[in-house]
Amino acid sequence: MASPLILMCWEHPFSNWIDAMQKLTSQSEWIARAQTVLPAGGFGNFDPGIVIARGEGSHIWDEDGREYIDYLIGSGPMLLGHGHPEVMEAVFEQVPKGTTFFANNAKGIELAEAIVEAVPCCEQVRYVASGGEADMYAMRLARAYTGRNKILKFEGGYHGMSAEAQMSLAPQMRVNFPTAAPDSAGIPQGVADQMLIAPFNDLAAVEALLIEHNDVAAIIVEPLQRIIPAMPGYLQGLRDLCDRHDVLLIFDEIVTGFRLAYGGAQERYGVTPDICTLGKIIGGGFALAALGASTELMKHFDKAIVGGDNWLMQLGTLSGNPVAAAAGLRTMEVLRRDGSYDRLREIGRTLQGMQCRALVEAGIPHQICGDETLFDIYFTRAACRDYRSAKHDDPAQNITYNAALRDRGIFKSPGKLYPSLAITEADLAHTQEAVRFAVNALGEH
Ligand SMILES: Cc1ncc(COP(=O)(O)O)c(C=O)c1O
């Protein structure tokens with residue numbers, strides 16, 4: 001006699017069978033299965049103690065059917081929410097025509113045009129599949145163009161997982177500037193020797209380094225470092241220093257691009273870098289990222305112009321993927337509509353205001369740090385201006401607060417809250433209740 005499993009397969013279309021199998025599997029079973037086949041039980045990104053089953057608009061559901069308001073939004077890309085109908089329409093139009101080609105395609109070309117139109121420093125773009133790759137190539141491009149090797153990076157700045165980026169991202173011990181401290185095993189000392197590390201928001205420190213080192217190719221910076229804002233004049237100060245010392249300025253706009261404003265941090269702060277990297281939103285939730293710069297710089301990707309010795313070889317299987325490009329293009333079309341960014345900022349202000357009021361009423365020292373479009377709380381009295389000052393006085397407070405929020409159906413990372421345009425008034429009301437609960441939990445902590 002056939003086993004029940006085989007009978008199920010026979011009687012139902014394959015996808016129904018998969019659905020049926022998944023429904024039979026509880027979250028704790030998924031977690032146990034993950035622990036066997038995934039190191040540390042996860043993908044390396046987020047708490048492996050939750051397994052997401054699906055998302056719709058501003059909400060997600062875990063494998064036990066528990067519903068959450070999503071303020072993680074895939075770590076940034078889902079600015080319009082999950083399964084936005086217009087983005088899905090664009091995806092479903094593209095999928096039957098082909099999902100990847102490893103060759104030029106119209107959607108990828110149209111997306112490049114839209115980026116060049118939107119982002120001040122971009123005359124041309126080159127696609128990659130992830131933000132970390134874009135940053136790696138941005139640094140390589142700066143080296144190819146200037147013929148110099150050193151990269152100046154800020155302590156606590158995140159630029160993906162390349163060897164260079166893994167320098168002084170989250171050092172556990174204080175190392176004297178400008179020495180680079182690797183955050184990961186497996187990186188040769190030679191990489192650290194090519195990096196200069198400076199504190200964020202300190203122009204004098206950068207100036208001193210550029211005077212001392214005449215072999216710096218580029219400064220790479222997150223215009224909003226994690227959630228720490230640049231102080232007034234700081235980004236322009238970096239621009240001026242780069243110009244004075246013939247150093248290229250790279251803005252890592254993987255997060256800030258199309259979030260802080262349609263033209264990213266460059267538009268928001270009025271400072272134009274030489275090179276920028278983009279990711280997350282431009283792929284509409286699919287794997288796509290890019291770096292962009294002037295035609296003069298981007299010529300290094302064209303062997304016919306620069307010749308073999310100066311050519312920056314770059315290719316990637318999924319680069320310019322048409323499904324991702326279609327999703328990104330449609331996302332950007334929606335974002336261009338009147339009032340999109342005003343609404344996003346209004347949602348962010350409301351979320352900041354409700355948390356600030358509740359914490360002030362409870363007499364809990366804190367700083368809300370960031371931009372209305374991306375921020376979080378530091379439980380401290382000290383102003384947050386760089387990696388060393390942006391700290392919780394008592395990290396346990398942050399753990400308690402975020403756990404209580406999660407308990408009340410708020411899904412966010414422990415270090416960032418991403419508002420999205422899918423957030424509704426009902427979501428805000430629910431979040432307010434959760435915030436009250438979390439602030440009370442802090443009182444008991
Ligand atoms: C500022 C910044 N740069 C680079 C990256 C890396 O992007 P990806 O995860 O797509 O490699 C991230 C990811 O969160 C980021 O926040």
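Biologist: Is strand β14 buried or exposed?
Modeller: Strand β14 (residues 374–378) has 5 of its 5 residues buried, so it is largely enclosed by the rest of the structure. Buried means under 20% relative accessible area, exposed means over 50%, and partly exposed is in between, with a 1.4 Å probe and protein chains only. Helices (H or I, at least four residues) and strands (E, at least two) are DSSP runs, numbered from the N terminus.

Biologist: What should I know about the model itself?
Modeller: This is a predicted model, where local features need pLDDT of at least 70 and side-chain atom pairs count only at pLDDT 80 or more, while totals for chains, interfaces and linings use all residues. Residues are numbered from 1 along each chain as its sequence is written, and side-chain values use heavy atoms, with hydrogens and water left out.

Biologist: Back to β14. Which residues point which way?
Modeller: L374, D376 and Y378 point one way, F375 and I377 the other way. All are buried.

Biologist: What does β13 do next to β14?
Modeller: Strand β13 (residues 367–371) runs antiparallel to β14, and 5 bridges join them. Two strands pair if DSSP finds at least two bridges between them. G370 is the residue opposite F375.

Biologist: Which residues are joined into a salt-bridge network?
Modeller: R345, R349, D371 and E372 are in one network, through salt bridges that share partners.

Biologist: How many salt bridges by that rule?
Modeller: The count comes to 21. One of them joins E155 and R388, at 2.8 Å from N to O. E155 lies in the loop between β5 (150–154) and α7 (189–193), and R388 in the loop between β14 and α15 (395–407), so the pair ties together parts that are 233 residues apart in sequence.

Biologist: How accessible are E155 and R388?
Modeller: E155 is buried, at 5% relative accessible area. R388 is partly exposed, at 21%.

Biologist: And what about E425 and R343?
Modeller: Their side chains meet in a salt bridge, 3.4 Å from N to O. E425 is in helix α16 (residues 425–444) and R343 in helix α14, 82 residues apart. E425 is exposed at 53% relative accessible area. R343 is partly exposed at 24%.

Biologist: New topic. Which domains are assigned?
Modeller: Domain 1 covers 22–83 + 339–444, and domain 2 covers 98–335. These bounds come from an automatic or database domain assignment. The contact takes 30 residues from domain 1 and 34 residues from domain 2. Contact means heavy atoms within 4.5 Å.

Biologist: How far apart are the domain centres?
Modeller: The C-alpha centres lie 27 Å apart.

Biologist: What area is buried between the domains?
Modeller: About 2,600 Å², with carbon and sulfur atoms giving 57%. Buried area is the accessible area (1.4 Å probe) that two parts lose on being put together, summed over both. Y341, Y387 and R388 supply 29% of the area that domain 1 buries against domain 2, more than any other three residues.

Biologist: How many salt bridges are there between the domains?
Modeller: The count is 1 salt bridge. On the domain 1 side, α14 (340–361), β13 and β14 are the elements that give two or more residues to the side touching domain 2.

Biologist: Let's do β5. Which strands does β5 pair with?
Modeller: β5 pairs with strand β7 (residues 216–221) in the parallel sense, over 4 bridges. I151 has A218 as its bridge partner in β7. Strand β6 (residues 195–198) also runs parallel to β5, joined by 4 bridges. There, F154 stands opposite A198.

Biologist: How many of the residues of β5 are buried?
Modeller: 5 of its 5 residues are buried. K150, L152 and F154 point one way, I151 and K153 the other way.

Note on methods. A salt bridge is a side-chain nitrogen of Lys or Arg within 4 Å of a carboxyl oxygen of Asp or Glu.
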